[in-house]
Amino acid sequence: MAIDGVTAKRADARRNVESILDAATALLAADPAVSVNEIARAAGVGRVTLYGHFPSRAALVEAVSLRVIASTNQALSAVDLDGDPRDAMARLLEATWQLTYRFGAIVLAASDALTPEEMRRVHEEPARRMHALVERGRDEGVFRRDMPLLWQLTTIQAVLHGAAGAVHRGDVTADDATRLVRDTVLAALAVTPSG
């Protein structure tokens, strides 16, 4: 079956978009300030081609962020959240930390390129998963109820982002950060004996 010119151009455009997104994902994960020129060069396309698919750096960063979030959501949806909420939280934190470490620089790039509303939108699904688990732990009496749930979620996010900064600075290793994130968050959520 012969491929007509339009079909060939569409296939070529799809390959270019995938090449651009692959290059942007890899480069932004290593350096959130990477230039569009470097991304185009790594993708094997010219700037004009890149801008033909993504009209601005912000549009490209948003596309990469959405792609990473989709990949992250797929990975996190495989985490077993059944059973004791503390054990489920440990599993979710470990998986979330690995993804945060892997893609943390993309989050930095996104925070520079996207509006707060766009940032909120790309974090909705992971936040919903964490929210449901914290809420379940509170309902079952194993997570604290003496502070606002949203504060607990903010604290979890701060610990994850703080760990990424600590690893980047060389204060802790990525492997140590896995344990530190898990233990810090679980200690913050734990019901304390009344005394």
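Both Arg-169 and Asp-171 are exposed, and in this predicted model the two residues form a salt bridge whose closest N and O atoms are 2.9 Å apart. Elsewhere, shared partners bring Glu-18, Asp-22 and Arg-67 together in one network of salt bridges. How many salt bridges are there by this rule? The count comes to ten.

| Arg-15 | Asp-12 | 3.5 Å |

**The chain as a whole**

Read from the N terminus, the order of elements is α-α-α-α-α-α-α-α-α. The C-alpha trace spans about 75 × 40 × 30 Å along its principal axes. Of the 195 residues in the chain, 36% are buried. If you look at contacts between residues at least 6 apart in sequence, 65% of them join residues at least 24 apart.

**Two helix pairs**

Let us take helix H8 (residues 149-169) and helix H9 (residues 174-189) to begin with. Their axes lie 10 Å apart, and the two helices pack at an angle of about 160 degrees. Angles over 145 degrees count as roughly antiparallel, so that is how H8 runs relative to H9. The crossing of these two helices is right-handed. On the H8 side, the contact is made by Gln-152, Ile-156, Val-159, Leu-160, Ala-163 and Val-167. H9 contributes Ala-174, Ala-177, Val-181, Thr-184, Val-185 and Leu-189. What is the make-up of this contact in nonpolar, polar and charged residues? Ten are nonpolar, two are polar and none is charged.

Now for helix H4 (residues 57-77) and helix H7 (residues 124-139), whose axes come within 9 Å and cross at roughly 25 degrees. Since angles under 35 degrees count as roughly parallel, H4 and H7 are roughly parallel to each other. Here Asn-73, Leu-76 and Ser-77 of H4 meet Glu-125, Pro-126 and Arg-129 of H7. The residues of this contact divide into two nonpolar, two polar and two charged.

Val-64 lies in helix H4. Is this residue buried or exposed? Val-64 is buried, with a relative accessible area of 0%. Leaving out neighbours within four places in sequence, Val-64 is in contact with Leu-21, Ala-24, Thr-25, Leu-28 and Ile-106. Glu-135 is 71 residues from Val-64 along the chain, and 30 Å separates their C-alpha atoms.

Asn-16 is found in helix H1. With 17% relative accessibility, Asn-16 counts as buried, because the cut-off for that class is under 20%. Which residues does Asn-16 touch, not counting those up to four places away in sequence? The answer is Val-45, Thr-49 and His-53.

Thr-115 belongs to the loop between helix H5 (85-113) and helix H6 (116-122). Thr-115 counts as partly exposed, at 38% relative accessibility. How far apart are Thr-115 and Ala-42 in sequence and in space? They are 73 residues apart in sequence, while the distance from C-alpha to C-alpha is 27 Å.

Key
Residues numbered from 1 in each chain as written. Predicted model: local features only at pLDDT ≥ 70, side-chain atom pairs only at ≥ 80, totals over all residues. Heavy atoms only, no water. Axes fitted to C-alpha atoms, helices over the stretch in contact; angles between N-to-C directions. Helix = DSSP H or I, 4+ residues; strand = E, 2+ residues; numbered from the N terminus. Parallel < 35°, antiparallel > 145°, perpendicular 65-115°, else oblique. Left-handed = near helix turned anticlockwise from the far one by under 90°. Contact = heavy atoms within 4.5 Å. Nonpolar A, V, L, I, M, F, W, Y, C, P; charged D, E, K, R; others polar. Salt bridge = Lys/Arg side-chain N within 4 Å of Asp/Glu carboxyl O. Buried < 20%, exposed > 50% of the residue type's maximum accessible area, 1.4 Å probe, protein only.
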